[in-house]
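Here is a short briefing on a structure that may be new to you. Look at the sequence and the model first, then read the points below.

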Amino acid sequence: MSTVATFRGAGTRGVVGQHWRPTRALGRAVLLTGLLVLGGVLLGRVDVVLLATPFALGAAWALRRRPQALPDVEVTADRTALSEGEEVTGTISAVNADRTGYDALALRAAVAPWVDAPAIRLPQVLAVPPGEAVDLAVSGTALRWGRHRLGPVHVTALACDGLLIARHHASSATVDYAVYPITEPFDATETVPRAAGLVGQHRSRRPGEVGELAGVRQFAPGDRLRRVDWRVSLRTRQLHVAATLSDRDAEVVLVLDVLADAGHGEGSASGATVLDTTVRAAAAIAEHYLQHGDRVAMVEYSRAARRLRPASGRRQYLTVLEWLLDTSAGGSVGAAYDQVLGPHLLSANALTVVLTPLIDPSAAAMLARLTRAGRSVLAVDTLPPDVAPPDLGAHTDVAYRLWRLERDNTIGALREHGVPVVSWAGAGSLDLVLRDLSRSASAPRAGR
Amino acid sequence: MLVRAGVGVAGLIALLVAVPAPALTTAYGLLGVVALAAGPALAPDGHWPSALVLVTAGGWLVATTLWPEPVTVWRVLALSASLYLVHTLAALAAALPSDAMVAPDVVVGWLARAVAVAVVASLLSAAVLAGAARVSTGGYQVATVLGLAVAAGLAATLSLAARRSAPRS
């Protein structure tokens, strides 16, 4: 699929013709011609007058035909939906619809910072004959997830041997690329603590009509006759039935703590910031659970306080990816808990996975509050291991180590209060804590 | 950078042709000539190109008036062509961003047009100089007539250009 954005420069000649302005070179040609001719006449020197000849001749010849229109600029993208690390390709075309050629046409396209296209970042200068078009091939690499834009294009056209110039910002000549995060491999084999519906892919811990065999037990009133295990019943001379575990779906709520960002990310190739880890992990977890038929909801814990309603299926996965593209860090003050995590907004049985770097103190408070509310909460630590503060003086290192100790204390306190905290490590990294959560969820509870 | 280098080289040639030979024998004179030639190359969008042309023309007048340097045809032609190259290459360099990647056909086309103008102007100048040498009454009247003609032509050209540049309603 290709996308085209066009800036029409030649549409209204009468108005656009006013964009052409004389350059300093035109003023210089006139000034020098006048001064040299005057000087030659006054001094009676033919040779001095002749010095003005090329200036007058060149200006007169160049101005014999003046341009009226600006060039049409068109930006085309071969593909607008990409993944991190994929190639960004497109074309910038400039069409000269005028009867006068452009001696030089400089095109400077604005390129998003996370698109590695060094050749197109520099202004490209081309000659465009009248009635012709020139194409500039755009080739680069999408370094990081997000919405990236190619364009607008700043156009500088020179005509009449540099005596006339037109500058214009082709603001409508833009193409937007959606660069989706690469999903780090993730595969959780453990069940979710409390499944919700009566359909789905998860083997629940509750008995049900269909599904995996849980065991054989004595017949009880209410059991269906078709579930009687006749072999065991004949051997024991008492009626026994085969008990199975029901298959159930689950609701997973992914909470993205993006109150603050940290780390040095250079795109998909090397390094990752908190935001990168959060988005990529969220995409991987959502993909995993949506593939299993579960419902996934998204919550951005920041000042933006964005939410995505729970839903299941391939369509929800695409929606999640689009939703993740707009994730941005910031807003440590005023992150409203009730706005995004209030009891009326979250399902009681949902597994709440909080992706947090635990930088902002309010994140730990949010986790504690979720746990006190009786929810199944799992914290995924998204702080990169190699993160370090900028060197601000002799005490930076000591202050950083103190902060790390304080953060470790917070993690320990959270674990003591029943919030498992696990570092994001891709495949299977959540299995152990999911198993613990499942056991604790199925255990009898004291009334609160 | 190539275009700016062209501006500098053309300016240097013009100065070497115009400036009196004794001035070029001293280190200060040579340094001044190089510095003056470098001005338009470094700042083509400023007043340096105009200043260079005027200083060179002044140097030419001084060299041919105060020093016994001959006014030969080749010197006049070389001076006018190199000064025009300074002017037109500075016009291109002034409009281009310093980090621009310029397609070769832009520079080649530009130089071709500049050389064509310089050749035509040289032919015209050579013809005028040859005609002026045959006139026994000296160059003063010829310069006056030629200057008036050029001034009238220039006025007509500028008038035409001004009419064509007026916004259309």
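Two strands pair if DSSP finds at least two bridges between them. Strands (E, at least two residues) and helices (H or I, at least four) are DSSP runs, numbered from the N terminus. This is a predicted model: local features need pLDDT of at least 70, side-chain atom pairs count only at pLDDT 80 or more, and totals for chains, interfaces and linings use all residues. Residues are numbered from 1 along each chain as its sequence is written, while chains are lettered from A and ligands numbered from 1 in the order in which they are written.

**Strand β10 of chain A**

**Partners of β10(A)**
- β11(A), residues 164-170, pairs antiparallel with β10(A) over 7 bridges.
- Leu158(A) has Ile165(A) in β11(A) as its bridge partner.
- The hairpin of these two strands has 4 residues between them, and Cys160(A) takes a positive phi near 55° there.
- β6(A), residues 102-111, runs antiparallel to β10(A), joined by 7 bridges.
- Val111(A) stands opposite Leu150(A) of β10(A).
- β12(A), residues 175-180, pairs antiparallel with β10(A) through 5 bridges.
- Asp176(A) in β12(A) is the bridge partner of Arg149(A).

**Where chains A and B meet**
- In contact (C-beta atoms, placed from the backbone, within 7 Å) are 58 residues of chain B and 50 of chain A.
- Elements giving two or more residues to chain B's side include α6 (104-134) and α7 (139-165).
- β8(A), residues 124-128, runs parallel to β1(B), joined by 2 bridges.
- Gln124(A) stands opposite Met101(B) in β1(B).

Key:
Two residues are in contact if their C-beta atoms, placed from the backbone, lie within 7 Å.
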